[in-house]
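I opened this model to look up its cavities, its pockets and some of its packing. My entries follow in the order in which I made them.

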Amino acid sequence: MTSKIKLPTYKYYTNGEWKESNTGQTIDIQSPYLSETLGKIQSISQDEVDEVISSAHDAQKSWAKVSLQDRANYLYKWADELINMQDELAEIIMKEVGKAANDAKKEVVRTADFVRYTVEEALHMHGESMMGDSFPGGSKSKLAIINRVPRGVILAISPFNYPVNLAAAKIAPALMAGNAVVFKPATQGSLSGIKMIEALDKAGLPKGILGLVTGRGSVIGDYLVEHKGINMISFTGGTKTGVQLAKKASMVPLVLELGGKDPGIVREDANLHEAAKHIISGAFSYSGQRCTAIKRVLVHESVADKLVILLKEQVEKLTVGSPEENSVIVPLINTKSADFVQELVNDAVEKGATVVTGNKREGNLIYPTLLDHVTEEMDVAWEEPFGPILPIIRVSSDEEAIRIANESEYGLQASVFTKDINRAFAIANRIEAGSVQINGRTERGPDHFPFIGVKGSGMGAQGIRKSLESMTQEKVTVLNIVE
């Protein structure tokens with residue numbers, strides 16, 4: 001009789017200690033591509049959430065008094081520890097969220113770069129002053145000194161697809177700005193998040209400044225969001241969840257990074273070979289499990305046939321399989337996600353779309369699928385798939401492309417492919433999106449650029465400087481000068 005292998009049980013983190021929950025309950029974390037459980041995470045109680053938030057408040061008062069240079073030293077050490085742990089972290093990311101091995105390692109390195117840049121940006125942000133007599137009738141005896149002060153305790157909720165990078169993108173600016181953080185990783189992504197915080201713990205961060213909580217959304221999800229001890233929320237995830245969160249958060253400041261349905265608009269004068277290259281990379285990297293993935297192509301009908309041939313050639317060259325082999329197309333995060341993607345394909349085919357290539361499935365693995373002659377009646381024209389399918393919608397004019405792009409509930413990014421720079425700017429100015437890429441794929445980086453979603457794609461701005469600004473608030477001190 002063979003004994004079962006004992007699975008690692010990961011603890012939650014509070015007040016500088018790793019703890020097991022008093023509930024005695026855990027949640028199994030399954031690998032999306034290995035038929036095995038990777039480990040267990042704690043399912044903590046609401047009382048334990050209270051303790052984490054209370055510790056964060058106590059610690060934040062002292063942390064706010066710590067000099068920028070001293071805060072910087074902790075974060076520099078964190079970045080160093082992330083690099084020291086990059087192989088271990090990359091393996092956890094790969095196994096837990098099914099990201100290609102090379103991309104997982106790049107995520108860790110990018111995260112260390114992000115942390116270091118955040119430190120430098122924070123060190124070079126300064127307050128301002130204003131003289132009273134610059135306003136009509138104002139007095140020269142008044143001087144306003146405007147500084148940025150921390151908000152308090154930031155609730156950072158990260159997604160599964162970049163479980164280290166998008167978590168650190170919240171945590172690093174919050175800490176540099178003098179806040180404490182309560183970090184809630186996505187359940188599928190918790191192991192990666194826990195390992196990332198192990199690196200921060202090794203950096204010697206003062207106790208209580210950061211707490212990591214894991215558990216069932218039904219128990220602690222709303223409780224965290226509605227907790228009176230939370231002073232700001234930074235959330236990355238689905239639009240439906242984000243909308244519910246915004247309703248429950250009431251007066252608490254929010255930054256929300258939500259879903260997208262990013263169009264790639266291809267004009268008749270575009271360099272089709274370049275456009276095809278960027279579209280394929282934008283649509284299919286990490287199986288399309290990116291909020292900024294190109295999720296539909298709006299191509300002028302006069303060049304559509306040529307573009308589809310080029311796209312088909314490149315789609316069929318994409319590697320499909322295991323993340324351990326650095327495949328571009330890997331199994332989706334879970335069966336529910338794969339089912340949803342397959343339903344979108346089935347609906348399109350039933351309504352007359354042409355399968356150019358793909359429409360093959362093995363478990364959670366959806367083969368890269370190119371759909372031509374997609375119409376506005378098909379769900380795939382509007383729904384965010386978060387999977388490796390790309391619908392081609394043929395249009396007769398720029399006006400039609402702009403209309404279809406803007407009728408989406410989302411407004412994250414868009415791409416415009418054209419040789420006419422004047423038309424590119426004219427189209428970009430009319431697209432309802434936070435960012436428009438001209439002759440390039442939609443993507444998040446570089447990380448110091450502002451990252452903005454409008455409509456159903458979010459609210460507030462990210463990007464390193466923008467995050468530092470959103471996680472602080474202005475405070476005015478007026479000096480009344482007596483002559």
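I started with the second largest cavity, which has a volume of about 50 Å³. The model is predicted: local features need pLDDT of at least 70, side-chain atom pairs count only at pLDDT 80 or more, and totals for chains, interfaces and linings use all residues. Residues are numbered from 1 along each chain as its sequence is written, and side-chain values use heavy atoms, with hydrogens and water left out.

I noted the terms before going on. On a 1 Å grid over the protein atoms alone, a cavity is a set of points where a 1.4 Å probe fits but cannot get out; a pocket is an open set with protein on both sides within 12 Å along at least five of seven lines; lining residues have an atom within 4 Å of a point. Grid points are joined across faces, edges and corners, and a volume is the space filled by probe spheres set on the points.

The lining of the second largest cavity includes Phe114, Ala169, Arg444 and Pro446. I sorted this lining into 5 nonpolar, 3 polar and 2 charged residues (nonpolar: Ala, Val, Leu, Ile, Met, Phe, Trp, Tyr, Cys and Pro; charged: Asp, Glu, Lys and Arg; polar: the others, Gly among them).

I then checked the largest cavity, at about 70 Å³. Its lining has 14 residues, and Pro263, Ala405, Tyr410, Gly411 and Gln413 lie nearest its centre. At least two lining residues each come from β13 (262-266), α12 (398-406) and β20 (410-411); helices (H or I, at least four residues) and strands (E, at least two) are DSSP runs, numbered from the N terminus. In all, I found 5 cavities of 30 Å³ or more.

The largest pocket holds about 1,500 Å³ of space. I listed 40 lining residues, with Phe160, Gly237, Gly238, Thr239 and Thr241 closest to the centre. Helix α8 gives the largest share of this lining, 6 residues. By class, the lining has 16 nonpolar, 16 polar and 8 charged residues.

For the second largest pocket I noted about 460 Å³. Asp103, Arg110, Tyr162, Arg290 and Arg441 are the closest to its centre among 19 lining residues. Two or more lining residues come from each of α4 (101-123) and α5 (165-176), and α4 has the largest share, with 4. This lining divides into 4 nonpolar, 5 polar and 10 charged residues.

I followed α4 to its contact with α2 (residues 68-84): the angle is about 170 degrees and the axes are 9 Å apart. Axes are lines fitted to C-alpha atoms, for helices over the stretch in contact, and angles run from 0 to 180 degrees between N-to-C directions. The pair is therefore roughly antiparallel (over 145 degrees). Leu75 and Trp78 of α2 and Val108 and Val115 of α4 are among the residues in contact (heavy atoms within 4.5 Å). The contact has 15 nonpolar, 2 polar and 3 charged residues.

I traced an open sheet of 3 strands, in the order β1-β5-β4, with mixed pairing (two strands pair if DSSP finds at least two bridges between them). β1 (9-10) and β4 (26-30) each have a single partner strand, so one side of each lacks a neighbour in the sheet. β1 and β5 (residues 37-42) run parallel, joined by 2 bridges. Thr9 is opposite Lys40 in β5.

Key
Angles under 35 degrees count as roughly parallel, over 145 as roughly antiparallel, 65 to 115 as roughly perpendicular and the rest as oblique.
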